[in-house]
Amino acid sequence: SKSAGRSCYTMYDDAMSAELEARNTLEGDLRDAIAQCQFEVHYQPFYDAETRERRGVEALVRWRHPVKGLVPPDKFIPLAESTGLIVPLGEWIIGRVCDDATAWPDDVKVAVNLSPVQFKQSELFDVIQSALARSGLDPKRLEIEITESVLLERAAENESFIDRLKGLGISLALDDFGTGYSSLRSLTAFPFNKIKIDKSFVANLSVRDESAAVISSVVTLARGLGIQITAEGVETEEQLAQLRALGVNFAQGYLLGRPMPVEQLEQHLDIARAS
Ligand code: C2E
Ligand code: CA
Ligand code: CA
Ligand code: CA
């Protein structure tokens, strides 16, 4: 892709810090990795909080580094964003996800994370539309997860972009809810279908009463707006029971299933591959 060449890194001082040097090596590795396709998309299932029926999966990218082994996204997504490499990488992820998901039953939705950098690319709509067309995936099965930081800039452009995505039938989720600052405004200004409550609230459920109070008021608010709620980071039965009592719709977390490679997911969900 052309955009892969638009790097932010051009010049360094002679006295390049060790950190920059490490970053520089990682950037080179990352470029090679994209060229050589060293990435894997893993999938974490989410379930109906009440019935525990499967509802869908979230795509989470991993880097199969030839020396370092499996590298988690927190270790390379920020660099991919600052260098623009997230654009070709993100394009590959969307294609991979659509191809994988077409082999699954129609009631399994699939969510993809989009970074603010991808959101600024005018080609993103075409990338998504052609991945859908090429794979034949029903757009109703695709969900886009964005964080509030995406919405802070370029409000007008974002609005029309989101409207076009929604026009295709794609649904929209607000990720990491509760960690940003303009939560109420973003919720009402954009047509979200789902809110994902950040895992820090779930982790604090048994320690801080405030977490339950926050989740409870988000549930009330979301109901009023016709938005569904997922709790992330559900690790214990106790948390799941509390979340169910609070009225959360969906649950996702290690208790119910970790992110896993596609073959393992298909076994886990007992999905027979169509092809
Ligand atoms: P996220 O979108 O908030 O994803 C949830 C993270 O929580 C994932 O980490 C997941 O493995 C982890 N998680 C799930 N259940 C539990 C649990 O019960 N307990 C705990 N402690 N953690 C849990 P992961 O896969 O390392 O991804 C980290 C972040 O990297 C993601 O946060 C997302 O912001 C970003 N990311 C991952 N894949 C992609 C991608 O394809 N594109 C973009 N742009 N960003 C991605
Ligand atoms: Ca997410
Ligand atoms: Ca999240
Ligand atoms: Ca996150």
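The model is predicted, so local features need pLDDT of at least 70 and side-chain atom pairs count only at pLDDT 80 or more, while totals for chains, interfaces and linings use all residues. Residues are numbered from 1 along each chain as its sequence is written, chains are lettered from A and ligands numbered from 1 in the order in which they are written, and side-chain values use heavy atoms, with hydrogens and water left out.

Let us begin with the calcium ion (ligand 2). Its protein donors are E58 (OE), N113 (OD1), E145 (OE) and D175 (OD), at 2.2 to 2.3 Å from the ion. Donors here are N, O and S atoms within 2.8 Å of the metal (3.2 Å for Na, K and Ca); water is not among the atoms, so sites may look incomplete. Along the sequence, these donor residues follow the spacing E-x54-N-x31-E-x29-D. Strands (E, at least two residues) are DSSP runs, numbered from the N terminus. E58 is buried at 5% relative accessibility, and E145 is buried at 2%. Buried means under 20% relative accessible area, exposed over 50%, and partly exposed in between (1.4 Å probe, protein chains only).

Now follow D175 to the next ion. D175 bridges the calcium ion (ligand 2) and the calcium ion (ligand 3), which lie 3.9 Å apart. D175 is buried, at 7% relative accessible area, whereas D176 is partly exposed at 26%.

Some of these residues also meet ligand 1. A polar side-chain atom of E58 lies 3.2 Å from an oxygen atom of ligand 1, and for D175 the distance is 3.1 Å. In D176, a side-chain N or O atom is 3.1 Å from an oxygen atom of ligand 1. The protein covers 84% of the 800 Å² of accessible area that ligand 1 has on its own (Shrake-Rupley method, 1.4 Å probe).

Finally, look at T230 in strand β8 (residues 228-231). T230 is buried, with a relative accessible area of 1%. Leaving aside residues up to four places away in sequence, T230 touches K194, I195, K196, I197, V248, F250 and Q252, where contact means heavy atoms within 4.5 Å.

Technical notes
Helix = DSSP H or I, 4+ residues; strand = E, 2+ residues; numbered from the N terminus. Polar contact = N/O pair within 3.5 Å; in protein donor to acceptor, adjacent residues only side chain to side chain.
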